[in-house]
Amino acid sequence: MLPRRLLVILLLATAVLAGSLVYRRRAMRQRERVDLYAQDGSMVSMPGSSPDAAELLWLARELLAQP
Amino acid sequence: MDATQALSDLKEISSQVVDVVILEPDGSMLASTLGGEQAGRFAERVTKLVARADSARAVRGLPDLSQLEVATLEGSVFAVRGGERLIAATTRPDPTVGLVFYDLKHCLRTVDELAEQKAKPRRRGKTDASA
């Protein structure tokens, strides 16, 4: 049987790994966005999670997937 | 040099750019790095994307759209309107945004200049016929 101390270390390491994976995944999702620039120099940035950006992201993925 | 050559130069300069298309004001394709049916499909999808982005812009009360970037995990799609024409490109993930916009604008300017030169009537060693 594993010593208690080793078990704690293993559990901690697993928790850190899982946490970093979740964080990384969320950070990756946040990289998805739509930036619209107008003629007057103003700009609107829509995060990938926003419903307005969803269709544009889908169309962009179609373009990127084109062989 | 023509529009196709301008696109080849763009691809040579910008390693981040994958596929490019230039559209005329009426939506027809002027030039593309893709060929045949693929180019047509690409142009069609770009038109759709820009139209959808234009609606999103109008909803927000923004003035006319000059450029856009749609960033996904697989890569980005850029579009720039310059003069009457539109240039759109796909890139690899995490592109240098400012650089891609600069290169696309430069390419579009080159194409516009070429079109202007073509449209200008050629001056020939004209002499006054009445003389």
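Author: Helices (H or I, at least four residues) and strands (E, at least two) are taken here as DSSP runs, numbered from the N terminus, while axes are lines fitted to C-alpha atoms, for helices over the stretch in contact, and angles run from 0 to 180 degrees between N-to-C directions. This is a predicted model, in which local features need pLDDT of at least 70 and side-chain atom pairs count only at pLDDT 80 or more, whereas totals for chains, interfaces and linings use all residues. Residues are numbered from 1 along each chain as its sequence is written, and chains are lettered from A and ligands numbered from 1 in the order in which they are written.

With those terms in hand, helix H2 (residues 51–65) of chain A packs with helix H2 (residues 36–59) of chain B at an angle of about 165°, their axes being 10 Å apart. That angle makes H2(A) roughly antiparallel to H2(B), a label for angles over 145 degrees, where those under 35 count as roughly parallel, 65 to 115 as roughly perpendicular and the rest as oblique. Among the residues that meet are Leu56(A), Leu59(A) and Leu63(A) from H2(A), and Phe42(B), Val46(B) and Leu49(B) from H2(B); contact here requires that C-beta atoms, placed from the backbone, lie within 7 Å. By class, this contact has nine nonpolar, no polar and six charged residues, with Ala, Val, Leu, Ile, Met, Phe, Trp, Tyr, Cys and Pro counted as nonpolar, Asp, Glu, Lys and Arg as charged, and the others, Gly among them, as polar.

Strands pair if DSSP finds at least two bridges between them, and an open sheet of seven strands has the order S2(A)-S1(A)-S3(B)-S4(B)-S5(B)-S1(B)-S2(B), with antiparallel pairing. S2(A) and S2(B) stand at the edges, each with a single partner strand, so one side of each is left without a neighbour in the sheet. The twist averages 15° from one strand to the next.

Within chain B, three bridges join S1(B) to S2(B), where Ile22(B) stands opposite Ala31(B). H2(A) packs on the sheet, its direction making about 100° with that of S1(A), and H2(B) also packs on the sheet, its direction making about 80° with that of S1(B).

Technical notes. Two residues are in contact if their C-beta atoms, placed from the backbone, lie within 7 Å.
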